[in-house]
Amino acid sequence: TLVRTDLIAKWQASIPPDAPNRFAINIQADQLPEVKSYFKDLGLTNPDLYPMVRGRLVRIGDREIRPADFTDERAKRLSEREFNMSWAEALRADNKVVAGSWWQPGSGPAFSMEEGIAKTFGVKVGDTLTFDVAGSRFTAPVTNLRKVEWDNFKANFFVIANPGVLEAYPASWITSFHLPAGREDVVSRLVARFPNLSVIDLTAIMGQVK
């Protein structure tokens with residue numbers, strides 16, 4: 001009991017008071033201006049919005065990905081499902097390059113991979129990855145590995161591409177935001193205005209962890 005209490009106390013102390021506690025997913029590109037305006041009108045911090053494309057990793061180098069080939073259970077699970085990928089021109093402040101280097105403007109197709117998932121799959125800088133998105137395959141090299149601050153509760157991705165790789169594929173947008181206690185009406189009004197959005201309440205998940 002003492003260990004459990006101490007762990008939870010330290011975990012809570014490490015989370016900023018304004019850390020995001022809601023995720024909004026399935027935002028469409030043509031809704032971005034209205035969504036930003038909605039948060040601004042309510043006096044809430046304008047959330048960062050990130051594009052998201054779903055794709056399945058099908059090959060590392062010349063090796064086809066088969067779940068049965070992995071003994072690691074995490075690798076097996078991840079190889080069976082689609083990844084949420086994104087694209088970005090600049091490196092985010094909560095991400096840190098730990099191997100390789102971030103791309104320069106105008107460089108060729110490239111991937112940035114989170115260091116944990118890279119270790120799980122045995123991927124190194126210089127390896128090529130092939131993804132299948134909606135039946136279309138494309139290949140690019142991994143130019144860097146990133147350390148991600150997952151515990152800040154912001155939207156982050158295992159795989160990020162540089163601009164020009166993913167924009168042609170179907171994409172939705174995702175954001176995370178902090179909602180003060182007593183402002184639950186913000187979510188109900190948001191969903192009423194944009195019925196296609198889904199909002200995930202992290203406070204319920206964090207309560208379950210506690």
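How many bridges join strand E2 (residues 49–60) to strand E7 (residues 128–133)? I looked this up and found four, with the two strands running antiparallel.

**Basis.** I worked on a predicted model, in which local features need pLDDT of at least 70 and side-chain atom pairs count only at pLDDT 80 or more, while totals for chains, interfaces and linings use all residues. Residues are numbered from 1 along each chain as its sequence is written, and side-chain values use heavy atoms, with hydrogens and water left out.

**Terms for the strands.** I took helices (H or I, at least four residues) and strands (E, at least two) as DSSP runs, numbered from the N terminus. I counted two strands as paired if DSSP finds at least two bridges between them.

**Entry 1, strand E7.** I then turned to strand E8 (residues 136–148), which is antiparallel to E7 and joined to it by six bridges. Here Leu129 stands opposite Ala140 in E8. E7 and E8 form a hairpin with two residues between them. I checked the turn and found that Ala134 has a positive phi of about 55 degrees.

I searched the whole structure for salt bridges (a side-chain nitrogen of Lys or Arg within 4 Å of a carboxyl oxygen of Asp or Glu). The search gave ten. One of them pairs Arg193 with Glu34, where the closest N and O atoms are 3.9 Å apart. This pair links distant parts of the chain, with Arg193 in helix H5 (residues 185–193) and Glu34 in helix H2 (residues 32–41), 159 residues apart.

I found a salt bridge from Arg137 to Glu64, with 3.8 Å between the closest N and O atoms. Arg137 lies in strand E8 and Glu64 in strand E3 (residues 63–64), so this pair ties together parts that are 73 residues apart in sequence. Arg137 counts as partly exposed because its relative accessibility is 47%. Glu64 is partly exposed at 24%.

Through shared partners, salt bridges join Arg59, Glu64, Asp132 and Arg137 into one network.

Conventions. Buried < 20%, exposed > 50% of the residue type's maximum accessible area, 1.4 Å probe, protein only.
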